[in-house]
Amino acid sequence: RTPSLTGFFSSAHLQGHSVQMGRYRPPAEKSSPYITREGYQTLADELRALWKRRADVTRALTAAAAEGDRSENAEYIYRKKELRGIDRRIRYLQKRMPDLKVVSAPPTDQSMVFFGAWVTLEDDAGVETCYRIVGADEFDPARGWISMDSPMARALMKKTLDDEVRVATPDGDSDYVIIDVRYSAADNSRL
């Protein structure tokens with residue numbers, strides 16, 4: 001005799017444990033709407049390039065569709081997948097860009113860390129690291145640009161020169177000292 005699913009999920013070996021069914025995921029936290037002028041221009045350029053790329057892919061898709069049987073047509077299948085990806089990114093940018101707030105002026109108190117700041121930190125071992133706090137749509141770890149929504153940026157906000165900062169990381173808490181705060185790229189020789 002096979003036990004019913006109700007009996008299975010309420011059996012003694014599963015009591016006290018939650019059983020998740022389905023693929024539902026709660027919506028992601030909304031990211032901050034702030035962006036630098038350069039970041040906004042980069043997104044606008046990307047959107048224009050995507051529309052041009054979409055036209056090329058659509059032409060290639062039409063040519064592939066004309067070749068006959070679509071179920072075994074690798075070119076057609078590839079172009080459909082590529083077009084879906086392009087359309088997804090276009091939809092995202094068209095929805096996101098009107099909500100963005102471009103921050104072009106530095107704050108009045110440039111000794112404090114706010115959006116757009118380049119912050120140089122020194123860890124306990126004396127190693128210096130420089131980060132720029134930018135919007136969620138323009139972060140780039142390779143350039144040292146971190147999202148203002150990241151734990152590091154949140155810990156740095158409203159701090160000043162020589163402040164100590166503790167950041168929770170997966171490896172445990174890390175302590176840093178702020179050794180430089182600036183708002184222009186011209187004097188940013190450490191990046």
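Mentor: Welcome! Let's start with a term: a helix is a DSSP run of H or I with at least four residues, and helices are numbered from the N terminus. Keep in mind that this model is predicted.

Trainee: Thanks! In which helix is Arg 79 found?

Mentor: Look along residues 74-96, which make up helix H3, and you will find Arg 79 there.

Trainee: Is Arg 79 buried or exposed?

Mentor: Residues under 20% relative accessible area count as buried. Arg 79 has a value of 16%, so this residue is buried.

Trainee: And with which side chain does the side chain of Arg 79 make a polar contact?

Mentor: The partner is the side chain of Glu 82, at 2.9 Å.

Trainee: Let's turn to the sheet. How do strands pair in general?

Mentor: They pair through backbone hydrogen bonds, and the pairing can be parallel or antiparallel. In this model, 5 strands form an open sheet with mixed pairing, in the order S5-S4-S3-S7-S6. The edges are S5 (145-147) and S6 (164-169), each of which pairs on one side only. From one strand to the next, the twist averages 45°.

Trainee: How many bridges join S3 to S4?

Mentor: There are 5, and the two strands, S3 (residues 118-123) and S4 (residues 128-134), run antiparallel. You can trace individual pairs: Trp 118 is opposite Arg 132, while Val 119 has Tyr 131 as its bridge partner.

Trainee: What lies between S3 and S4?

Mentor: The two strands form a hairpin with 4 residues between them. In the turn, look for Gly 126, whose phi is positive, about 85°.

Trainee: How many bridges join S3 to S7?

Mentor: Here you'll find 6, joining S3 to residues 172-182 of S7, and again the strands run antiparallel. One of the pairs is Asp 123 with Tyr 176 in S7.

Trainee: Now the pockets. Which residues line the largest pocket?

Mentor: Its lining consists of Ala 28, Glu 29, Lys 30, Ser 31, Tyr 92, Lys 95, Arg 96 and Asp 99. The pocket's volume is about 250 Å³. By type, the lining has 5 charged, 2 nonpolar and 1 polar residues.

Trainee: What is the volume of the second largest pocket, and how do its lining residues divide?

Mentor: The volume is about 200 Å³, and the lining has 7 nonpolar, 3 polar and 3 charged residues. Of the 13 lining residues, those nearest the centre are Val 103, Ser 104, Gly 116, Arg 132 and Tyr 183.

Note on methods:
Residues are numbered from 1 along each chain as its sequence is written. This is a predicted model: local features need pLDDT of at least 70, side-chain atom pairs count only at pLDDT 80 or more; totals for chains, interfaces and linings use all residues. Side-chain values use heavy atoms; hydrogens and water are left out. On a 1 Å grid over the protein atoms alone, a cavity is a set of points where a 1.4 Å probe fits but cannot get out, and a pocket is an open set with protein on both sides within 12 Å along at least five of seven lines; lining residues have an atom within 4 Å of a point. Grid points are joined across faces, edges and corners, and a volume is the space filled by probe spheres set on the points. Ala, Val, Leu, Ile, Met, Phe, Trp, Tyr, Cys and Pro count as nonpolar, Asp, Glu, Lys and Arg as charged, and the others, Gly among them, as polar. Two strands pair if DSSP finds at least two bridges between them. Axes are lines fitted to C-alpha atoms, for helices over the stretch in contact, and angles run from 0 to 180 degrees between N-to-C directions. Buried means under 20% relative accessible area, exposed over 50%, partly exposed in between (1.4 Å probe, protein chains only). A polar contact is a pair of N or O atoms within 3.5 Å; within protein, one must be able to donate a hydrogen and the other to accept it, and residues adjacent in sequence count only if both atoms are side-chain atoms.
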